[in-house]
Amino acid sequence: MILYIFSGLLGLMALTIPVGIVLFLLGFGIDQFFTPFPLIRGLGQFVWSSSNSSTLIAIPFFVLLGEVLVRGGVAAKTYAALDRWLSWLPGGLIHANIGTATLFSATSGSSVATAATVATVAMPQAEKLGYDPRLFSGAIAAGGTLGIMIPPSINLIVYGFLTETSIPQLFVAGLIPGLMLAVGFSMMTVLICMVRPELGGESRRYPFPEMLGVLVHLIPIFLLFAAIVGSIYRGWATPTEAAAVGVGMAFVIAAFSGGVNWPMLKESLYGTMRITAMIMLVVLGAAFLNFTLSSAGLGRELRAFMEGLGFTPFMTLMVIVLIYIVLGFFIETLSLMVITIPIMVPIVVGLGYDPIWFGILMIVLVEMALITPPVGLNLYVVQGARRGGNLSEVMVGAIPYAVLMLLMAFLLIAVPDLALWLPKNL
Amino acid sequence: EMLSVVGSWSNLPLYQQFESPFWTEILPEASNGTLEVAMTTHNEMGLGVGDVFNLLGDGVYDVAMTVGDYAVADAPELEGLDVPLVALDADTARAMVDAARPMVNDIFRDRFNSHVLAIAPYPPQIVFCNAEVSGLDDMRGLKVRGSGRMTAKLLEALGAEGVNVDFGEVPGALQRGAIDCAVTGAGSGYNAGWWEVSTHLVTLPLGGWDPVVTAMNMDRWNSLDAETQELIQTTITAEFETPAWAVAQDALVNDVACLTGNAECPYGDARDMVLVEASEADFDAARNILITEVLPDWAARAGNDWAQRWNDSVGAVVGVTVDLD
Amino acid sequence: MVLHIFELLRRINRVIALVVGLGLLVCVGYVLLEITLRRFGTSLGGTSEITGYVMAVTTAWGMGFALMELSHIRIEVLRTRFASWGRVFLDLLAMLAMSATVVIIAFRAWPVLARSITNNSRANTVLETPLWIPQSLWFGGWVWFACMCCAVTLLSIALVLQGKLGAVEGKIGIRNEVEDELEQLR
Ligand code: NA
Ligand code: NA
């Protein structure tokens, strides 16, 4: 059965059949050949019960929130403001890139839109100020990945839905590792620019009154972040309610930035519907495959398989990490998550690891997939915004940050409390 | 013959002590190997609790068992199987369920295309509160997670606010104060660690007994020969239904002991929740509301024919009559 | 002619997406109102139930729109290495697989609605929502998606028979999300 799933998965996806459909087809196959039930008779009921979910509606809400902020011009203003505050550091403008990415990852779920915005605004300035194109574009690509780690994160909602783990707890667990990665990216940049100052471009200092002046553009975003994350952490609101509050605040902020009008609203709604349907087809397919696999007793078979290998839990975990890195070269975040969750999570939980912790570890690993070639969406986003130069420059520039993510993964394995301390103590 | 069987919650004693041994060992042995069973549970399959009997009727599996209350969306008359506050001990509860059995048979035949084999109890559904309560009056204005529609309606009639929360989300909701109280079986609450997030245990069975119905797909049942049907029915009554009822009363006493530490806990560490025993006056008040508000409301939902049938069977046993318009 | 029909379907789906999207906005408003009312100790009740229905309906009706906008995720590592006819072959294969799967889902969705109608089912909640209302909207969405899949497949085959390979790729190939996003910003 395990062999069937892996070969089916890779074969059908190589044929470029849409990932969600591949998952449904595999589910049909499992049902036909490996379960005692004609599960397909319950397909309609299953799709209804899975999509009739007040938890999953947080996904379109968060997507809409991000769309409104980015299309309302708030992202660009935030970037300019962060530049005033952070550009005195070695590596200057790069910290504003990372900061913007962090803030927007904190409020939206759409990492492509965020990376595209930052890249479009930043690139012309980078050329003017003499930054090394490799380091600069690599940092933007890497910063854009933070979107799925720092809560609220759509990927964490999907993980929680498919594994039946608590979404607020996942959000809490992602906070420290996410912020550590953001700070780590900045420190890495400072380090590189201190060793090789010629890569870093001009450092600039802005007069203090000007710094105070741009706070107008920073404070609303901080408030939005605090409102969403705070209300979930303190238990005042469910992730769905917090997302609704976020959408409301995003409209207010965008309105003050002068960005709310009918064309912008229309584009935001189109974007929300597109991304929601795209995510949901994959999520429903994964949920159905999950359902057929557990009905077929995959858990038992996996346990027997793992025992047959004679690996220790730690060795197994290392193999899993390796699998994610390899698959991550070719498959993008969300797909990588949903196709592996039905198989990996039962193994890992069966070995006695915490499912919340593994969710965070998995997020770090799939974040890496966004900047590892040949399929690394953020690399292409940044390359697209550069309009010139070679893609390999972006790839080289992203390497230090990818290494940092790998270190983060091992740190999480060595010190699980990085993810688990907050959920345990809140 | 191969039967695919879906059990109720795999983490609860009813499955572990009775369902699983009966279907995987006792029945195959009793049939001398002519009946084979493949068994899983609805939570291991990842089924929504409301879907279990619908899928049974569709023939996804041959046999399924879960709480009757989970299925009332498709059959409001089924709420009559589990009326809270009318049966305070296991013997009365069993008499009530036996009286309701012909109704349940008809409901499952017509609504879920299936044949009822047995009805066994979960322990009575009592109230866990993360709030200072000393009686029913204190629950006025509190947010309470009920299980099943009639319980939710009763809570509302008592002045509490009925809230829908998934079983797994209850501890978090109690902890952060999104709800004040939650109704579940004492044993389920002990196993799921609800004592960590609540302080007071009100032992009034506001949630009824959550009877678990075991049923077989009707087409599958009809495809069996009379001898096999007879074998299954006699074995399940003698080896599953009767023993499950026999331990129900003790289970409640033990579960409460484990939660409050008022006696020896046979399962593990005893906890120290405050035991709130409802007074006679509380009980009378609640029952009065049940009879004057909740049951007539149900009669309107289910239809007078069902209410009349209930009066003649269950009502006669427990001494309650629903007023019909 | 074929291209005109494509364009017409695309426009219809954009209208649908806009209507459903506005519904989503109304739902946001409803949740906000509920949160506000709760502060004052009252409540509309049933938000989790209603948001669930909205999600099921949004998902179902968004599917066809996402199809027309080429937004469903496909892994294109191998596809980019093929010549034009090879890519079109893969695109058609993908559409056929998708049509078959979605038709099965839509077909299996009917008994869910049918049962709610015959049993006159009401949600197992205090609101007691008659389930046929959200379920028929949901069922309609999946039927619409199935129709869209089949229509797109047939239209693409027609284009292939006319020898317009390039046009087929534009209609059922893989969307360049990056270019689109940057296009928006310029
Ligand atoms: Na995020
Ligand atoms: Na990659």
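User: How many residue pairs in polar contact does the rule find across the interface of chain A and chain C?

Analyst: This is a predicted model, in which local features need pLDDT of at least 70 and side-chain atom pairs count only at pLDDT 80 or more, while totals for chains, interfaces and linings use all residues. Residues are numbered from 1 along each chain as its sequence is written, chains are lettered from A and ligands numbered from 1 in the order in which they are written, and side-chain values use heavy atoms, with hydrogens and water left out. A polar contact is a pair of N or O atoms within 3.5 Å; within protein, one must be able to donate a hydrogen and the other to accept it, and residues adjacent in sequence count only if both atoms are side-chain atoms. With both residues at pLDDT 80 or more, the number of such pairs between chain A and chain C is four.

User: Which helix gives the largest share of the side of chain A that touches chain C?

Analyst: Helices (H or I, at least four residues) and strands (E, at least two) are DSSP runs, numbered from the N terminus. One helix of chain A, spanning residues 262-295, brings 16 residues to this side. That is helix 14.

User: By class, how many nonpolar residues are on that side of chain A?

Analyst: Ala, Val, Leu, Ile, Met, Phe, Trp, Tyr, Cys and Pro count as nonpolar, Asp, Glu, Lys and Arg as charged, and the others, Gly among them, as polar. The side of chain A that touches chain C has 14 polar and seven charged residues. Its nonpolar residues number 46.

User: How much area do chain A and chain C bury between them?

Analyst: By contact, meaning heavy atoms within 4.5 Å, 67 residues of chain A meet 62 residues of chain C. Buried area is the accessible area (1.4 Å probe) that two parts lose on being put together, summed over both. Carbon and sulfur atoms carry 76% of it here, and the total is about 5,800 Å².

User: Which residues of chain A lose the most area to chain C?

Analyst: Three residues together make up 14% of what the chain A side buries. They are A:Trp48, A:Met273 and A:Arg274.

User: How many salt bridges are there between chain B and chain A?

Analyst: A salt bridge is a side-chain nitrogen of Lys or Arg within 4 Å of a carboxyl oxygen of Asp or Glu. The structure holds 20 of them over all chains. Between chain A and chain C none is counted, and between chain B and chain A the count is likewise zero.

User: Which helix gives the most to the side of chain B that touches chain A?

Analyst: This contact takes 16 residues from chain B and 15 residues from chain A, burying about 1,400 Å². On chain B, strand 1 (2-7), strand 2 (36-41), helix 2 (42-45) and helix 3 (52-58) each supply at least two residues. The top contributor, with three residues, is helix 3.

User: How many residues apart are B:Glu79 and B:Arg301?

Analyst: Their side chains meet in a salt bridge at 2.6 Å, N to O. B:Glu79 sits in the loop between strand 3 (63-67) and helix 4 (90-112), and B:Arg301 in helix 10 (residues 280-302). Both are buried, with buried meaning under 20% relative accessible area, exposed over 50% and partly exposed in between (1.4 Å probe, protein chains only). The pair links distant parts of chain B, and the separation is 222 residues.

User: Is C:Glu69 buried or exposed?

Analyst: C:Glu69 forms a salt bridge with C:Arg14 at 3.3 Å, N to O. C:Arg14 lies in helix 1 of chain C and C:Glu69 in the loop between helix 2 (47-68) and helix 3 (84-118), so the pair ties together parts 55 residues apart in sequence. C:Arg14 is partly exposed at 22%. With a relative accessibility of 9%, C:Glu69 counts as buried.

User: Which residues are linked with C:Arg14 in a network of salt bridges?

Analyst: C:Arg10 and C:Glu7 meet at 3.8 Å, N to O. They are three residues apart in helix 1 (residues 2-39) of chain C, and therefore about one helical turn from each other. Linked with C:Arg14 in the network are C:Glu7, C:Arg10, C:Arg11 and C:Glu69.

User: How many residues does the largest nonpolar core have?

Analyst: A nonpolar core is a set of buried Ala, Val, Leu, Ile, Met, Phe, Trp, Tyr and Cys residues joined through side-chain atoms within 4.5 Å. Residues with the most contacts inside the largest one include A:Phe61, B:Leu206 and C:Trp142. Helix 14 of chain A gives the most to this core, with 20 residues. The core's residue count is 292.
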